[in-house]
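Please look over the sequence and the structure shown below before reading the briefing that follows.

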Amino acid sequence: MQEPTLKELPLKHLIRPDTSGDPKPPALFMMHGYGSDEADLFSFAPALPKDLFVISLRAPYALPPYGNAWYAINFDAPRGKWNDVGQALKSRDLLLQTIEEAIGAYGLDPNRISLLGFSQGSILSYALALSHPGRIKAVIALSGYIDREMLPPGFQEKDLSSLQVYASHGSSDMVIPVGWARQSADLLQTLGVSHKYEEFPAGHGVSPENLASFKSWMQGKY
């Protein structure tokens, strides 16, 4: 099979075109976790609905000798992990720019854009969707949480009723505490965001049961 032609975008990426024949297909943008790359979540692509145009993105900050990040993390910070919020905000804006350019480059439906993020990519997905109400139709947030520092002032007052979220977390996650994910689910409830939150008996990863669950949730959400 011939490899699909990649267009020039601000972020390096991989694509799996839809097979629906839709002249403007819905699209799912994938954001990997800290220290990984665009090939990681792209391994899910064969299992995802064929009417979705899938784009898996590489984060902009290289982590020698291998991997990439959406923003730096200082693991030696006095109170534990410290996020470089400045870099996170730049990545959030670069992500939006990449989506906008991809819509034109690949002929995507601007009203049917969804995000799938794992860990740090999940945090960025939340940040983008909650910062730009109405721009993102659905978010699949795997093993992440909402970081309020990455959101604009007054985000709570904005109309987020069109957003749909699936969030999941491992109950024994030692990287991102499950309590942070639970607090994020409570916040989504307060904001009036339609959402589903699940926990799985797993660590910091995506179990086969988790994959099957969010695939089922996706039906009719895009």
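Where is the place of Ser 119? Ser 119 sits in the loop between β8 and α3, where helices (H or I, at least four residues) and strands (E, at least two) are DSSP runs numbered from the N terminus. This is a predicted model, in which local features need pLDDT of at least 70 and side-chain atom pairs count only at pLDDT 80 or more, while totals for chains, interfaces and linings use all residues. Residues are numbered from 1 along each chain as its sequence is written, and side-chain values use heavy atoms, with hydrogens and water left out.

**Backbone geometry**
- Most residues other than glycine have a negative phi, and most peptide bonds are trans.
- Ser 119, a residue other than glycine, has a positive phi, near 55°.
- Pro 64 and Pro 65 are joined by a cis peptide bond with omega of about 5°, and Pro 65 belongs to the loop between β4 (61–62) and β5 (68–69).

**Helix packing**
- Helix α2 (residues 85–106) packs against helix α3 (residues 120–131) at an angle of about 70°, with their axes 10 Å apart; axes are lines fitted to C-alpha atoms, for helices over the stretch in contact, and angles run from 0 to 180 degrees between N-to-C directions.
- That makes α2 roughly perpendicular to α3, a term that covers angles of 65 to 115 degrees.
- In the contact (heavy atoms within 4.5 Å), residues of α2 including Leu 95 and Ile 99 meet residues of α3, among them Leu 124 and Leu 128.

**Charged and polar pairs**
- Side chains of opposite charge can pair when their charged atoms come close.
- The whole structure holds seven salt bridges, each being a side-chain nitrogen of Lys or Arg within 4 Å of a carboxyl oxygen of Asp or Glu.
- Asp 22 forms a salt bridge with Arg 112, and their closest N and O atoms are 2.9 Å apart; this pair links distant parts of the chain, 90 residues apart.
- Ser 43, in the loop between α1 (38–42) and β3 (53–57), has a side-chain polar atom 2.7 Å from the backbone oxygen of Asp 40.

Technical notes
Polar contact = N/O pair within 3.5 Å; in protein donor to acceptor, adjacent residues only side chain to side chain. Parallel < 35°, antiparallel > 145°, perpendicular 65-115°, else oblique.
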